[in-house]
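Hello,

Here is the structure we talked about. Please have a look, then read my notes below.

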Amino acid sequence: MARIFSGIQPTGHLHLGNYLGAIRNWVRLQQDFECLFCVVDMHAITLWQEPQALARATRETAAAVLAAGIDPHANILFVQSAVPGHAQLAWIFNCVARIGWLSRMTQFKEKAGKHRENASVGLYAYPNLMAADILLYKATHVPVGEDQKQHLELTRDIAQKFNNDFGVTVFPVVEPLILGPATRIMSLRDGTKKMSKSDASDFSRINLTDTADDIALKVRKAKTDPAPLPETPAQFDGRPEAANLISIYAALADQEVERVCARFGGRPFSDFKQELADAAVAVLAPITTEVNRLMADPAALDRILKDGAERARALAAPVLEEVYRAVGFLDA
Ligand code: AQP
C-alpha cells in the first residue's frame with residue numbers, strides 16, 4: 001500500500017490556511033493510504049520558539065489534527081522529537097546532500113531574509129531533516145503545496161545519491177501528491193502574503209481556536225478595496241484581497257470560484273463578509289469545540305501521541321538498520 005508522510009510545524013495557532021490547504025486533505029487521504037501525520041517540532045526550532053509556547057503549540061497542533069477528523073488508530077499521529085531516527089537519519093543526509101543543493105532552496109532565502117549570516121544552521125539544513133522525515137518510513141507519497149515542491153525534489157536527489165553512493169536500493173523515489181487545485185489562503189491584512197502562523201498580526205489569520213465573535217470581527221476588518229465584488233475571476237487582476245476572500249468562501253462552501261463570483265459579483269463587501277463569516281463559523285465551530293475538549297485533558301492527548309511515537313519508532317527501526325549497514329556504522 002502507498003504510504004504517506006505529512007508534517008505540520010507547531011509554530012503557533014493553526015489557521016484556516018493550514019486547515020483548507022493541508023489538514024482537510026489529510027482527512028480525505030486517510031481512507032486510501034497508510035498515513036503518518038507528524039507534528040514537526042524539530043523543524044519549528046529552526047526559528048526561535050519560546051519553550052512553553054512550543055510545548056503548548058505541539059499539543060494544540062495535534063489536537064487540531066484530531067479535531068479535524070484524523071483517526072489516530074487507523075493512522076500514526078506523533079511528535080517528531082519523540083522518534084530519534086529523524087535526527088539520526090538527518091545527520092547522515094547532512095553528509096549526503098551538497099552545500100550547492102541547499103544553497104538553491106528559495107525558502108531558506110525567504111526565511112533568512114537579509115540576516116542570512118545570523119540564521120541558524122538548522123534553518124539551512126531544514127530540507128535534509130525533511131528528507132529524513134519522509135525516507136525514515138520509506139514513504140512513497142507526500143502531499144505538497146507549491147512552496148514545498150523544491151524540498152521534495154531535494155528529497156528525491158538525496159535518496160538517489162544515497163542509493164548510488166552506497167550501491168543499494170534502500171530508498172524509494174518519492175512522488176508528490178497534488179490534491180486538486182492548490183488552495184493557497186492569503187493574509188486577511190494583505191492579499192499578496194500567505195496566511196501564516198508566525199505573522200505578527202492576529203488579524204491576518206483565522207485561527208482554528210477563534211470564537212465565532214473573533215471570526216466575525218476579523219472578517220469584518222479584513223482588507224478590501226472600494227469596488228463592488230468581482231463578477232468573474234477575470235476581474236481578480238490587481239484585486240488580491242477580493243480574490244482571496246472569494247477563494248476562501250469557495251473553499252469553505254466547496255463551490256467553484258466562478259459560482260461564488262456569479263452569486264456575489266456586483267454586491268458590496270459588507271453583505272458578502274457576513275456570509276463569509278457565517279461559512280467560516282459553520283466549518284470551524286465543531287473543530288474549535290473539539291480542540292478545546294482535547295486541550296482540557298493533556299494527559300489523554302499525550303497518551304495518543306506516545307502510542308503514535310511507539311508505532312513510528314517500530315516502523316523506522318528496520319529502515320535505520322538498513323541505512324546503518326549501508327553506511328558502515330556498527331549495530332547500535
Ligand atoms: N496560507 C496557507 N494556505 C494554504 N495552505 C497553507 N499551509 C500553510 N499556510 C497555508 C499548509 O499547511 C501545512 C503545514 O504547514 P507548516 O506548518 O509545515 O508550515 P508553513 O507552510 O510554513 O505554515 P505557516 O502557517 O506559514 O507557518 P509559519 O508561519 O511557521 O511558517 C503545509 O502543507 C502548508 O502548505
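Ring pairs join Phe93, Phe162, Phe166 and Phe171 into a cluster. Rings here are those of Phe, Tyr and Trp (its six-membered ring), and they pair if their centres lie within 6.5 Å; planes under 30 degrees apart are stacked, over 60 edge-to-face, the rest tilted.

The model is predicted: local features need pLDDT of at least 70, side-chain atom pairs count only at pLDDT 80 or more, and totals for chains, interfaces and linings use all residues. Residues are numbered from 1 along each chain as its sequence is written, and side-chain values use heavy atoms, with hydrogens and water left out.

By the ring rule there are twelve aromatic pairs. One is Phe78 with Tyr137: the centres are 5.9 Å apart and the planes at 70 degrees, so the pair is edge-to-face. Phe78 sits in strand β3 (residues 76-79), Tyr137 in the loop between α7 (121-135) and β4 (141-143), 59 residues apart. Helices (H or I, at least four residues) and strands (E, at least two) are DSSP runs, numbered from the N terminus. Phe78 and Tyr137 are both buried, meaning under 20% relative accessible area (1.4 Å probe, protein chains only).

Phe93 and Phe162 are also edge-to-face, at 6.4 Å centre to centre and 75 degrees between the planes. This pair links helix α4 (residues 85-96) to helix α8, 69 residues apart.

Helix α8 covers residues 149-166. Its buried residues include Leu152, Ile158 and Phe162. Gly167 follows α8, with a positive phi near 60 degrees.

Best wishes

Conventions. Expected span 1.5 Å × (residues − 1). Buried < 20%, exposed > 50% of the residue type's maximum accessible area, 1.4 Å probe, protein only.
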